[in-house]
Amino acid sequence: MKKQQGFTLIELMIVVAIIGILAAVAIPQYQNYVAKSQVSRVMTETASLKTAVETCLLDGRTTIGEDAGECDLGWTSSNLMGAGEEIQAGLSVDLTGDPVTIAATFGANAASALHSQTLTWSRDSAGAWSCATTVGDVSEAYVPSGCAAAEDDSSDDSTS
């Protein structure tokens, strides 16, 4: 006598339903993880410019460029930043303002929730740096530790 082998249709449908439920929970969590890691990456990339900006300020250089007498930040490109003004797409550095700022705008390669959002480092007159991100549609969950959500000017966390 031959024994029947295989799965019933009900068993297969239950497995497919379980996989669907797990995917419905896992995919949004993964997207949140990717967005948060991209914000942290841009925070780290732009934080590396703080030393170059400090050097330029101490040397009295307030214009950015590679010519003699100008501040050369030594910036390399980042694929997460989008359309911007000065140095490279998505990065803006203001050495003459009060406060001095380094601002990064997320571009098309960043997670969709981050498009056109910004992360800004600000240096006050005492030389302390603080980091802030625009809130807009970006969830508070994406804001890295050491960086505040910029709802108003009093919400910055000071970091060095």
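**Notebook: a predicted chain, residue by residue**

I began with leucine 22, which counts as exposed because its relative accessibility is 55%; exposed means over 50% relative accessible area, buried under 20%, and partly exposed in between, with a 1.4 Å probe and protein chains only. Residues are numbered from 1 along each chain as its sequence is written, and side-chain values use heavy atoms, with hydrogens and water left out.

**Entry: around leucine 22**

I found leucine 22 in helix H1 (residues 9-47). Helices (H or I, at least four residues) and strands (E, at least two) are DSSP runs, numbered from the N terminus. Which residues form a nonpolar patch on the surface with Leu22? I noted Ile10, Ile14 and Ile18, and together the four have about 410 Å² of accessible area. Such areas come from the Shrake-Rupley method with a 1.4 Å probe, and for residues only the protein chains shown count as cover. Patches are made of residues with over 30% relative accessible area and no salt bridge, with like charges joined within 9 Å and nonpolar side chains (Val, Leu, Ile, Met, Phe, Trp, Tyr) within 5 Å. A salt bridge is a side-chain nitrogen of Lys or Arg within 4 Å of a carboxyl oxygen of Asp or Glu.

**Entry: helix H2**

Next I looked at helix H2 (residues 49-58), where Leu49, Lys50, Ala52, Val53 and Cys56 are buried. Seen down the axis of H2, its buried residues fall within an arc of 160°, so they line one face of the helix; the arc is that of the directions from the helix axis to the C-beta atoms. Thr51 and Leu58 are exposed on the face of H2 turned away from its buried side. What covers the buried residues of H2? I listed H1, strand E1 (91-94), strand E2 (100-105), strand E3 (118-123) and E4 among the cover. Just after H2, I saw that glycine 60 takes a positive phi of about 80°.

**Entry: serine 130**

Is serine 130 buried or exposed? Serine 130 counts as buried because its relative accessibility is 13%, and its place is in strand E4 (residues 129-133). From serine 130 to alanine 148 I read 8.5 Å, C-alpha to C-alpha, although they are 18 residues apart in sequence.

**Entry: the whole chain**

Last, I counted 2 helices and 6 strands in the protein chain, in the order α-α-β-β-β-β-β-β along the sequence. Of its 160 residues, 33% count as buried.

Definitions and conventions. Predicted model: local features only at pLDDT ≥ 70, side-chain atom pairs only at ≥ 80, totals over all residues. Contact = heavy atoms within 4.5 Å.
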